[in-house]
Amino acid sequence: MLERKQLKGRTQVTFILPEGNPDGPVSVVGDFNHWNPAAHPLESRGDGTRAATVALPARSAHSFRYLAAGDYWFDDEHADGHDGANSRVHT
């Protein structure tokens, strides 16, 4: 799931997954962090979910995917769209 909060000239996007699904650590990787899995690991929020928040330029579009343990890549079913293998988020 994606949550957005508008800031001055930027959009704060929070990438949210259920805790433990999939098991192990998960990161959100995309063109906004040079596909670096260490840049935005999802952290437990205490409400049964885990999340990572990224500030992106307003009125832009970005490709992203999730990377879980065991080199398991997957998309966000709630993304704004897809461009081939990647999910897309629009700010």
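Which residue in β5 does Ser-44 stand opposite?

Tutor: Happy to! Please keep in mind that this is a predicted model, in which local features need pLDDT of at least 70, side-chain atom pairs count only at pLDDT 80 or more, and totals for chains, interfaces and linings use all residues. Residues are numbered from 1 along each chain as its sequence is written, and side-chain values use heavy atoms, with hydrogens and water left out.

Ser-44 stands opposite Arg-50 in β5. Strands here are DSSP runs of E with at least two residues, numbered from the N terminus, and two of them pair if DSSP finds at least two bridges between them. β4 and β5 (residues 49-57) pair in the antiparallel sense over 2 bridges. The hairpin of these strands has 4 residues between them, and there Gly-46 takes a positive phi near 85°.

Val-13, for instance, has Val-54 in β5 as its bridge partner.

Next come the charged pairs. A salt bridge here is a side-chain nitrogen of Lys or Arg within 4 Å of a carboxyl oxygen of Asp or Glu, and by this rule the count comes to 4. One of them joins the side chains of Arg-4 and Asp-80 at 2.3 Å, N to O. Arg-4 lies in strand β1 and Asp-80 in the loop between β7 (72-74) and β8 (81-83), so this pair ties together parts that are 76 residues apart in sequence. For accessibility, buried means under 20% relative accessible area, exposed over 50%, and partly exposed in between, with a 1.4 Å probe and protein chains only. Arg-4 is partly exposed at 35%, and Asp-80 is partly exposed at 37%.

Another salt bridge links Asp-47 and Arg-45 at 3.8 Å, N to O, with Arg-45 partly exposed at 37%. A further one joins Asp-75 and Arg-65 at 3.0 Å, N to O. Asp-75 lies in the loop between β7 and β8 and Arg-65 in strand β6 (residues 61-68), so the pair ties together parts that are 10 residues apart in sequence. Asp-75 is partly exposed at 29%, whereas Arg-65 is buried at 18%.

Asp-75 also leads us to the largest pocket, whose lining includes Asp-75, Ile-16, Leu-17, Pro-18 and Tyr-66. A pocket is found on a 1 Å grid over the protein atoms alone, as an open set of points where a 1.4 Å probe fits, with protein on both sides within 12 Å along at least five of seven lines; lining residues have an atom within 4 Å of a point. The largest share of the lining, 3 residues, comes from strand β2 (residues 10-18).
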